[in-house]
Amino acid sequence: MTTAKVSSSKQRRARKAFRANGAYHAAGIAICLFFLAPFVITFLASFRHGTEARLPPLPPWPTNGLSIDSYLSLDTFGAGIWQHTINSLLVSLATVVLTVAVSLLAGYGFSRYRFPLKNVLFVLIIATLMIPFQSILTPLFIILAKLGLNNSLLGLTLVYVTLQLPFSVFMMRNAFDAVPKEIEEAARIDGARDLRLLVRVLLPLVLPGIATVAIFAFLNAWNEFLAALILLSSNEKYTLPVLMMAVRAGRLGAVNWGAVQAGVAVMTVPCLIVFLLLQRYYMRGLMAGAVK
Amino acid sequence: MTGSGSKTLSPQRKRRRRSGWRGLVYIAPAMALVILFFVMPVIFTGWMSLHNWPLMGGTRWIGLKNYVRMFHDARFLSALQFTAYYTVIVTIAIFAVAFPLAIFVEKQRRFVSVYRTIIFLPVVVGLATASLLWVWLANVDSGFVGPALKALGLADKSPNLLATFDSAFLTIIIMVVWKIAGFTMIILLTGLQAIPADLTEAARIDGAGRWQRFRYLTLPLMRKTIALALIISVTGSILAFDQFYIMTSGGPQNRMISVVYYIFNQSFVSFNLGYGAALSIALLAILVVLSIVQLWLLRVGEERP
C-alpha cells in the first residue's frame, strides 16, 4: 500500500518534470523560430523564379522549381555582383591581415618591453574606443583625400584597421602576457632574436588570440556601412552594403525584391559560416570585452 | 632551477632596459595608424567646427558661430529628441527580451548551447544587412509580415508598416531587438553565471521566493554586468544610423532623423562641413559624458557588491 503510494508520487513527480521539460523546449523552439525565420525565409525566397520575386513569400519556398533569377538580377546592378563581392572580400581580408600584423607587433611591444610613455600610449589606443568614429568621418574624408587615398579600397581598409586596433591590441597584449617568459628566454639562448623569435616561437602560442582578433576584424569590415558609404564615391569601388543601397533604391520607382533577397543572402552567408566555424574564439573575445 | 632562472633573468632584464626604445619600434605601426586616422581627425574636427567650411572654395574662420547656430537649429534639436526617444525605447525593449532569454539559457541542459547559438546568429550579420532584410519583410506588397497578417485574417488588407511613424518605429524596434538581443543576452549571461550557486541555494533554503531571490540577490550581484550592457546598448543606440537610412530614409515626414543621420546630411548632402564638425563635437561631448557616467556606475557597483 505504502510502496504503491510512493511510486505513484514518484511517477507524478517524473511526469511533472517531463512536462516542465517539454514546456521548456517548446519555448526554446518558438524562440529559435523567431530568430531563425528571417534568415530562412530570405534564403528560400531568393531561389524563387524571377516572376515570383514580387510576390509575398507565402509560402517562402520556391513553388515553381529552383531558380537563380534573383542572383542574376542582382548581377545587373553596379559593376556586377562578382566585382562588389571581390571588393568586400579584398577589404575584409586586407583588414584581417593588417589588423593581425599591427596588433601582434603592438601587443608584443606592450607586453614584453619597457619604454618611455608606455602606459600613456596604451591608454591612448584604448581611449579611442570612447570616441565614436561616426563623429570624425568628415576629417577622415579630407585626410584620405590629402593622402590620395580617397575613393580607394586601401584607404577604407586603413580606416577599418584603425577602428579595430583598441580591441585587437588589448587582446594581443593579454595573449602575450599569458605566455610564460621562460619559453622566450630558452629560445633566446638558442639564438632566436626579435622578429624571428616572435614569428617562430611565440606566434604559435598566441594563435587563439590571433583567431579572435581576425574574426572580429573580418566581421566588422565585411558588415560596415556608413564609412564605406562616405569614403567610396565611384560605382565600381562599392562594397556590398553600399551596392545594396542602389538595389534598395530600385529603378524607375520599382524595387527588385528578388535582388534584395539575393543580396541579403550573399552578405549573410559568409558571416554565419565564419561565426559557426570559429564560434569558440568569437565568444572568447566577447567575454574578454565584457570583463574589462 | 629557480636560481639558474633568476641568474639568466637579470642580464636579460638589463639588456631590455638598455634597448628600451626597441619596444617603441614594435608599437610604431599601431601608433602611426591611431595618430593619423584617429587623433588627428579628432583635433581636425575641433578645428573645422570653428570655420565655415564648404566642400569647394575657401574656408573662413567664424569662431563659435557654428555652435550658436546649433542651439537655434530646430531640426538638430528634433534629431536629438528623436535619438533620445529611440535610445530609451530600444534599450528598454532589448532588456525586456534579453534578460528573460539570459535566464532561459542559463542552466546547462540539453540543447541549451544550440538555443544560445541560434539566438546569437543575428548579432554577427551587419546592421545594414539586417535593415535590408527587414525592409523587405515589412514591405506592404512583396514582404512577409503584412501579407501574412492578411492571409491569417488578422487584417483586412496588408498594412503598410513603414508608412506611418508609429508602425515604422515599432518595426525598427523589433528589427533591432532581433539583431541585438542575443548580444545583450550573452553579456547578461556572464553576469548570471558569476553568481555563486551556493548563495542562491542558501537563499532558497531560507525560504526566499523566486521573485525575492531575483530582486534581492541576482539583481544587486549583477549590477556591474547590467551597467555594462546598459552602456553598450545606450551608446550604440545614440549612434544609430543604418536602420533609419536604409529602412525609412529618415522616416515618414522626416521624423526619423537621428543625430548621426543629421550630421551625415549636413556634411555629405548639404556639404556644410564646418557645421557638421560642430555637430560631431556635440555628439562626441554627449558620449564622453556618458562614458564618465559609465565609469561612475561601474564604481558604484564595486562599492556595493
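Student: What is the mean pLDDT of chain A?
Tutor: The mean is 89, and 96% of the residues of chain A reach 70 or more. pLDDT is the predictor's confidence in each residue, from 0 to 100. This is a predicted model: local features need pLDDT of at least 70, side-chain atom pairs count only at pLDDT 80 or more, and totals for chains, interfaces and linings use all residues. Residues are numbered from 1 along each chain as its sequence is written, while chains are lettered from A and ligands numbered from 1 in the order in which they are written.

Student: Where in chain A is confidence lowest?
Tutor: In helix α13 (residues 279–291) of chain A, at a mean of 80. It is highest in helix α3 (residues 81–112) of chain A, at 95. Helices (H or I, at least four residues) and strands (E, at least two) are DSSP runs, numbered from the N terminus.

Student: New topic. How many residues does each chain give to the contact?
Tutor: Chain B gives 70 residues and chain A gives 68. Two residues are in contact if their C-beta atoms, placed from the backbone, lie within 7 Å.

Student: Which helix gives the most on the side of chain B?
Tutor: Helix α2 (residues 22–48) of chain B, with 18 residues. By class, the side of chain B that touches chain A has 49 nonpolar, 17 polar and four charged residues. Ala, Val, Leu, Ile, Met, Phe, Trp, Tyr, Cys and Pro count as nonpolar, Asp, Glu, Lys and Arg as charged, and the others, Gly among them, as polar.

Student: At what angle do α11(A) and α6(B) cross?
Tutor: Roughly 20°, and their axes come within 10 Å. Axes are lines fitted to C-alpha atoms, for helices over the stretch in contact, and angles run from 0 to 180 degrees between N-to-C directions. α11(A) and α6(B) are therefore roughly parallel to each other (angles under 35 degrees count as roughly parallel).

Student: Which residues meet there?
Tutor: P241(A), M244(A) and R248(A) in α11(A) meet A128(B), T129(B), L132(B) and V135(B) in α6(B). Five are nonpolar, one is polar and one is charged.

Student: What about domains in chain A?
Tutor: The assignment, automatic or from a database, gives domain 1 (2–70) and domain 2 (77–291). Their centres, taken over C-alpha atoms, are 36 Å apart. Ten residues of domain 1 of chain A are in contact with nine of domain 2 of chain A.

Student: And how far apart are the domain centres in chain B?
Tutor: 38 Å, between the C-alpha centres of domain 1 and domain 2 of chain B. Those domains are 1–48 and 69–303.

Conventions: Angles under 35 degrees count as roughly parallel, over 145 as roughly antiparallel, 65 to 115 as roughly perpendicular and the rest as oblique.
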